Amino acid sequence: MVAEKKSALRLQVLNEAAEGLGLYEGMALADARGAVPQLLTRPQDLVREERLLFALHRWAHRFSPFVGMDPPDALALDSSGCAHLFGGEEAMVDAVRGEAEALGFQTRAALADTKGAAQALARFGGEDSIIVPPGESAQMISTLPVAALGDESRHLRRLGLKTLGDVARLPGADLTKRFGASMTRHLEEAFGRSATPVAPVAMRKRYSGRLSFPDPIGMVDDVTAAVQKILSVLCEKLEEDGRGITALEIIVQRADSTSETRHVGMARSTIDQPAIMRQWQPIIEGIDSGYGIDVIRMIVRGHAPLEVKQSALGQTTRKGSIDDLIGTLGNRLGFDRVTRPAPAESHLPGFNQVHIPAVASDAAKAWPSRLAPDPLRLFPGQPLEPLSPGRPPQSFRWRGKTFRVRSAEGPRRILPEWWQDEPERRAARDYWRVETEDGQRLWLGAEPQPEAERHWSVYGELP
């Protein structure tokens, strides 16, 4: 895995085969490819790694109720009162490593009196499994390299310090003065001189349901009934917690061991089952049941506080049909393509509104008033060909058709927004309201330049 560091792509994670060829962490990718032309790399995805670590954090709660994350690649478990459940500390460490390796991970583990000592020994102890007898943590970590103190270790190596024991013999005040409080804190944590309890990470509540069938099903009505049954249970749990569904996933497991996953999103958090089923029905009809469906799982991938609106005394109603429409369009076209207009801070035509995602957003309640009526339709500036001189030209050609001006009102100069980056917003422009002889009303504009350099365009149609 490679990532950009110090203005260059460098190796971040290597497998055993790469290490066996002499490659190392932090090596420039260009140097690595020079040494190993057949090297295969992928960019490091920190977001996916964080999600993986959080998933392992959930998994580790089978061993201890107090589980903390130690990014980027470690977990910290408080084994107090838990080891006897597994037959002792050694058996507990073996159980943790065995189940993690069964999932496909290579592991190293250390159990010590303090969290800091366990962290240092797990990463730099040199063995895959280390159990420190009570009271011997400080003695065992004294021989560890100074790299166990993190990024600050490079300064220590320049001073000729090689082990944590060498650093521990230096006065703490001098270390703090020269290298900062972070260095001293890491050292105190490693030797157990400061309390560093495992800080458990709060887990987000998950909502999911599962339905298994004694015989495979395949009819659309049967699948619909199963989905409705799971959905009703999920909605009851969500309503108890005051939550609503925003994203839902269904996993269909077939009799031939294949599976299919589908997703839907909702415009707003809801537990309105008919509205949710209206989004699911086209998807259910398109599911390939194959030789039959054995299991249907439903997972709430997104949930938010449930919004309700009072409609009458003692009655509440949830958001209505507009959200159904947004959800339907979003699931078919993509929610990033379903937008609604909102006012923006700008006095320039065409820039005084923006389009925001319609999901979980309300329609604008108040729009800023304008000094003059704006066009009903705005164009990004369609050039026209003047056929006669004037401001505006008395006749011009636009869209292949010739127009003659009956009346014109203007100019209305709109000054630029010079502080903006877009070139279109940094130029002044004069506008005219024009009515042609055939009754068409247009909005014409041109830069305040001499007539020879002036470029006319149509910017909109007026009411």
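This is a predicted model: local features need pLDDT of at least 70, side-chain atom pairs count only at pLDDT 80 or more; totals for chains, interfaces and linings use all residues.
**Entry 1: Asp288**

I began with Asp288, which I located in the loop between helix H12 (273–285) and strand E10 (293–305). Is Asp288 buried, exposed or partly exposed? I recorded a relative accessible area of 48%, so Asp288 is classed as partly exposed. Setting aside neighbours within four places in sequence, I found Asp288 in contact with Arg254 and Glu260. I also noted a polar atom of the Asp288 side chain 3.1 Å from the backbone nitrogen of Gly290. As a distance check, I looked up Asp288 and Ala427: 139 residues separate them in sequence, and their C-alpha atoms are 57 Å apart in space.

**Entry 2: a nonpolar surface patch**

I next turned to the surface and listed Ile322, Leu325, Leu329 and Leu333 as a nonpolar patch. Together these residues have about 350 Å² of accessible area. I placed Leu325 in helix H13 (residues 321–333). Leu325 has a relative accessible area of 45%, which means that I list it as partly exposed.

**Entry 3: salt bridges**

Side chains of opposite charge can pair when their charged atoms come close. How many salt bridges does the count give? I noted 14 salt bridges, taking a side-chain nitrogen of Lys or Arg within 4 Å of a carboxyl oxygen of Asp or Glu.

I examined the salt bridge between Asp70 and Arg123, where the closest N and O atoms are 2.9 Å apart. I recorded Asp70 as buried at 15% relative accessible area, whereas Arg123 is partly exposed at 31%. I also found Asp70, Asp73 and Arg123 linked in a network of salt bridges.

I then looked up Arg391 and Asp430, whose side chains meet in a salt bridge at 3.3 Å, N to O. Arg391 lies in the loop between strand E16 (385–386) and strand E17 (395–398) and Asp430 in strand E19 (residues 429–436), so the pair ties together parts 39 residues apart in sequence. I noted that Arg391 is partly exposed, with a relative accessible area of 45%, while Asp430 is buried at 2%.

Lastly, I inspected Arg406 and Glu435, which form a salt bridge through their side chains (3.6 Å, N to O). Arg406 lies in strand E18 (residues 401–414) and Glu435 in strand E19, so the pair joins parts that are 29 residues apart in sequence.

Note on methods. Residues are numbered from 1 along each chain as its sequence is written. Side-chain values use heavy atoms; hydrogens and water are left out. Helices (H or I, at least four residues) and strands (E, at least two) are DSSP runs, numbered from the N terminus. Buried means under 20% relative accessible area, exposed over 50%, partly exposed in between (1.4 Å probe, protein chains only). Contact means heavy atoms within 4.5 Å. A polar contact is a pair of N or O atoms within 3.5 Å; within protein, one must be able to donate a hydrogen and the other to accept it, and residues adjacent in sequence count only if both atoms are side-chain atoms. Patches are made of residues with over 30% relative accessible area and no salt bridge: like charges are joined within 9 Å, nonpolar side chains (Val, Leu, Ile, Met, Phe, Trp, Tyr) within 5 Å. Accessible areas come from the Shrake-Rupley method with a 1.4 Å probe; for residues, only the protein chains shown count as cover.
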